[in-house]
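Thanks for coming, everyone. Please look at the structure on the screen, and I'll walk you through a few spots.

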Amino acid sequence: MDPVTTDPVTTNPVPYSLEVSGLAFAYPDGHQALFGVDFALERGERVALLGPNGAGKTTLVLHLNGILTAGTGSVRVAGLPVDRAHMAEVRQRVGIVFQDPDDQLFMPTVREDVAFGPANAGLRGAELDARVTRALERVGMAGHADRPPHHLSFGQRRRVAVATVLAMEPEILVLDEPSSNLDPASRRELAEILTSLDVTVLMVTHDLPYALELCPRSLILSGGTVVADGPTPELLADGTLLRAHRLELPFGFSPRRAGPPAL
Amino acid sequence: MHVPDGFLDAPTSLATGVTAAGAVALSLRGARRELSASPVTGATAGAAGPGAERTAPLAGLAAAFIFAVQMLNFPVAAGTSGHLLGGALAAILVGPFTGVLCVSVVLLLQAIMFADGGLTALGTNITCMAVVTVVVAHLVFRTLLRVLPAGRSTVTASAFVAALVSVPASALFFTLLYAVGGTTDVPIGRVAAAMGGVHVLIGIGEGVITALTVGAVVAVRPDLVHGARGLARPLKLKVNGELVDAPARQAAPAAAPRSSRAVWLTGLAASLVLAGFVSFYASASPDGLEKVAADHGIDKAAEEHAVADGPLADYGVGGVDDERLSAGLAGVIGVGVTAAVGTGVLLVVRRRGTTARSAADGAAVREAAAGRPEA
Amino acid sequence: MGSGHVHRLHLPGHSPVHRLPAHTKLVAVLAFVLVVVSTPREAVWAYPGYALLLAGVARTARVPAGFALRRMAVEVPFVAFALLLPFVAQGARTEVLGVQLSVSGLWGAWNILAKGTLGVGASVLLAATTELRDLLLGLQRLRMPPLLVQIASFMLRYGDVIADELARMRIARESRGFRARGPRAWAVLARTAGALFIRTYERGERVHLAMVSRGYTGTMPVTAGSSATRAQWSAALALPAAALAVCLPAWTL
């Protein structure tokens, strides 16, 4: 099949979790990162956004909750346009886990950090505590609630970063390079956590085996546009496509042998 | 070098404390404006009140940077080394208000973390090292940017001069405080000359390092240097092969009208002539005349900038009485600094006037800019 | 590797002094230092009295004398300055061991040494018995603007992270054979500082993005601070009160 299928449907009775159309953006220093990006995610999908370094992945992520606003084009979250009028609502619905947990964990203790988002949304008292505990339990970090984040291991910090976002009960979870700098055990633990969640997941990565393990569908972003959209095993089996966009499977890894991803 | 408790008498400490509190309060408000114009996310900053939500993380990280950069040792000679004080660097990189906040927070934490600098002297330390250094550096830097042709080398050269001037200015301001509220009767003129001389040397090091650092940042990310934001280029977007104009992302920093450059040049030249004349006259006359001349010249300068009062005149006389050299040095630096502060105050007041702020603000700015205790 | 540096002064413990709320201790230390600073320097006998008071607090807090004294080394530059004063000050002269010294200079040196040392001692005790974070919350309770407290908190949170970055950059420089010798190395070091600024500022922007992504609009969610009971206030203020008791006769005599 032709892997280049960029054809987002524009009318749908159930709104997409995420719908991006015609998105272009340049930084103030003149560097243009996005050149017209189109794609849409159904509710509950787990999708990998693959691409080489400098493809514009992180720039795209920053558009999803309105931190950057489009030069041209639009982003809609659960049918809501990402604009100034809907910013609070959008930021509550889109949870972004950034690449460096040190950037995300800025409060003195884990508990305060996880409470930060829901408290900004107006939660207080017992309700807030319950929300924090639940989020920490989902990532297996409930026992570390009162420790300062910088005393945790890197893998633990990444899990707490996921919890800080889960505590906001988002509609869609966006992870920027979730497997980077993780040792194999932490990597597996994070995969187990992610597969146990029932939210839409957009995972931005160049870790192809991780994408195959977690995401049935993948998009390839290269040169600031989506150049491929399809089932992950098929995309990863297309050697020409991968090579053309500087994506490489680890030595000895075969997407066919690895089998279909767990759904 | 942080001032400990008991160095200055209680009224002076109290006055500098009030000054520092006022300057920090003013900077808290000003920093929001400075940090709201983000190069990248400027378009969304308005979502929650401009700058309010950027101040804490960015000023906090900038403070951590100043704190860290003070640990970077620069070898001087034969095993000795110095480190950056950072006031001028902060003023140029993040702007004067944020700069005052950063250095103040560093001083506060040094006082409560390491007992470095007395608690009752915190106001003095903030006034000398945060307010005077940052404000003087900022004013010198902005003045030079306006006067000189635009470009990267101008930014670097201005950074050098700004940092160079800021260090002896701070030292002389401290000497002034010591003249007013010192606990020991020392010959102020001689102290001023010694402090000024030593700190000019330190200032040269500070200037070189600051200029090199600012140059390194300007070469890579000119948009991050608060003092050089005008160097950014206009934007073009390419969408599916077509070029489209990008929507305006941030209001360009208010550029000075071309005609005002002449005013600035004249002002600077006048200040320099005044400084040269006063110090020359003062140091060339061996008899009692010099006292009158210095009194007259310095009073005139003070009057011009609406900061006339006793201590400055006393300090000038003390310097003149003791040594000709000290008078020359103190005169040049003193008048230069006064002129820079004065013109800066004029600028601030004028800007305030157009934004219809209260007169009280203007007075507070004047106090903070002149860096002197409130009477 | 920077972590030792931020917490250098704090000495964890559970003494009555440790348990006092931070803001009461801040007020107590500030009041104590104010009393000390306003004591006339001629009342020489008052100063050992203050020192004894501090020693009593240190004993209650179980802060070892050696610990406190080592931490007081920060005032060394000013000791040097104070020792110069008798030689440069004006006025009447006196002869000590054959050297001409200024009387007012001697008084000045004594004044700075005594008051500065007591001030540093009090601050060291405060820092040794109070967590930094509690100190900041204490300052907030004492009406320091919340924004300033936030800035200071961010500086504390990221001070180590940035110091580590600086250390890694130094290792990277030295691994490639760079040795900082003399001013010729300044350009390289300044580029390090410039790179550090860019990294720091960009991290600041990322932190800010992470914050707004979770709905931050400029104010931190309120964290419950502990308030002080009357007994705690009186315990904390016992120090400046005792100092005042020493000070009053010094003024009247």
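**Confidence first, then two residues**

In chain C, the lowest confidence falls in helix 1 (residues 3–6), with a mean of 38, and the highest in helix 4 (residues 46–60), at 91. Those values are pLDDT, the predictor's confidence in each residue, from 0 to 100. Helices here are DSSP runs of H or I, at least four residues, numbered from the N terminus.

This is a predicted model: local features need pLDDT of at least 70, side-chain atom pairs count only at pLDDT 80 or more, and totals for chains, interfaces and linings use all residues. Residues are numbered from 1 along each chain as its sequence is written, chains are lettered from A and ligands numbered from 1 in the order written, and side-chain values use heavy atoms, leaving out hydrogens and water.

Back to chain C. Its mean pLDDT is 82, and 94% of its residues reach 70 or more. Over residues 1–7 of chain C, pLDDT stays under 50. For that stretch the model has 13 contacts beyond four places in sequence. Contact means heavy atoms within 4.5 Å. For the complex, the predictor gives an ipTM of 0.87 and a pTM of 0.74.

Now C:Q150. It is in helix 9 (residues 146–175) of chain C. Is C:Q150 buried or exposed? Buried, because its relative accessible area is 8%. The cut-offs: buried is under 20% relative accessible area, exposed over 50%, partly exposed in between (1.4 Å probe, protein chains only). Leaving aside residues up to four places away in sequence, C:Q150 touches B:A56, C:Y216, C:G218, C:T219 and C:M220.

Last, A:R131. Its place is helix 5 (residues 125–138) of chain A. A:R131 has 16% relative accessibility, so it counts as buried.

Definitions and conventions. Helices (H or I, at least four residues) and strands (E, at least two) are DSSP runs, numbered from the N terminus.
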